[in-house]
Amino acid sequence: MSGIGERKALERNGWMQKGRVLIDADACPRQALVIAQQLCKEFGWQCLTFASYNHQIGSEHHVTVDAGPQAVDMKLANETRPNDVVVTQDIGLAALILGKRAQPLTPHGLIFEPERMAFHLEERNEKARFRRGGGRTRGPAARTREDDQRFLTALRSLLERGEQQDGNE
């Protein structure tokens, strides 16, 4: 699905009235994906997942792209509209999403805010420079119930905020 045909199909199915949650499913923990799908159902929002064909995502609203570098990120960025919520761990993608007046969120429950984006990008740059120089950085910690709860709370607050914006328009 893409372009005008996709939008018409979404309108027929009633998805254009509510908000959308777009998920970078290549790097999203399974439990965060389940939480997002449940909350979207509760709020009546559309949940779209994006992943390369290397990932098998069981979802009616899934977009598959090739496995090229940054292919999922570029497709997700191109599909993002103002007021969408985008779940991603990619700081560069989060910066692009903020520029499109959408709200990026990590699967660990961190809501990226415009005021802090420069800090996050600089931190990412410093870690990359350290690794290029032969240094090693820690990988992500194992996912915990607290991560699931933080993500649920953050996503719920963004969906509630989106519901309030819809009511004010």
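Predicted model: local features only at pLDDT ≥ 70, side-chain atom pairs only at ≥ 80, totals over all residues.
Local features here need pLDDT of at least 70 and side-chain atom pairs count only at pLDDT 80 or more, while totals for chains, interfaces and linings use all residues. Residues are numbered from 1 along each chain as its sequence is written, and side-chain values use heavy atoms, with hydrogens and water left out.

Start with the inside. The largest nonpolar core has 21 residues; such a core is a set of buried Ala, Val, Leu, Ile, Met, Phe, Trp, Tyr and Cys residues joined through side-chain atoms within 4.5 Å. Buried means under 20% relative accessible area, exposed over 50%, and partly exposed in between (1.4 Å probe, protein chains only). V21, I23, L105, F151 and L155 have the most contacts inside this core. Its largest share, 7 residues, comes from α2. A separate core of 13 residues includes L48, F50, V63 and A71.

Now for the charges. The structure holds 6 salt bridges, each a side-chain nitrogen of Lys or Arg within 4 Å of a carboxyl oxygen of Asp or Glu. K75 and E79 form one of them (3.3 Å, N to O). These two sit 4 residues apart in helix α3 (residues 71-79), so about one helical turn separates them; helices (H or I, at least four residues) and strands (E, at least two) are DSSP runs, numbered from the N terminus. K75 is partly exposed at 22%, whereas E79 is buried at 15%. R150 pairs with D147, their closest N and O atoms being 2.2 Å apart. D147 is buried, at 8%, while R150 is partly exposed, at 42%.
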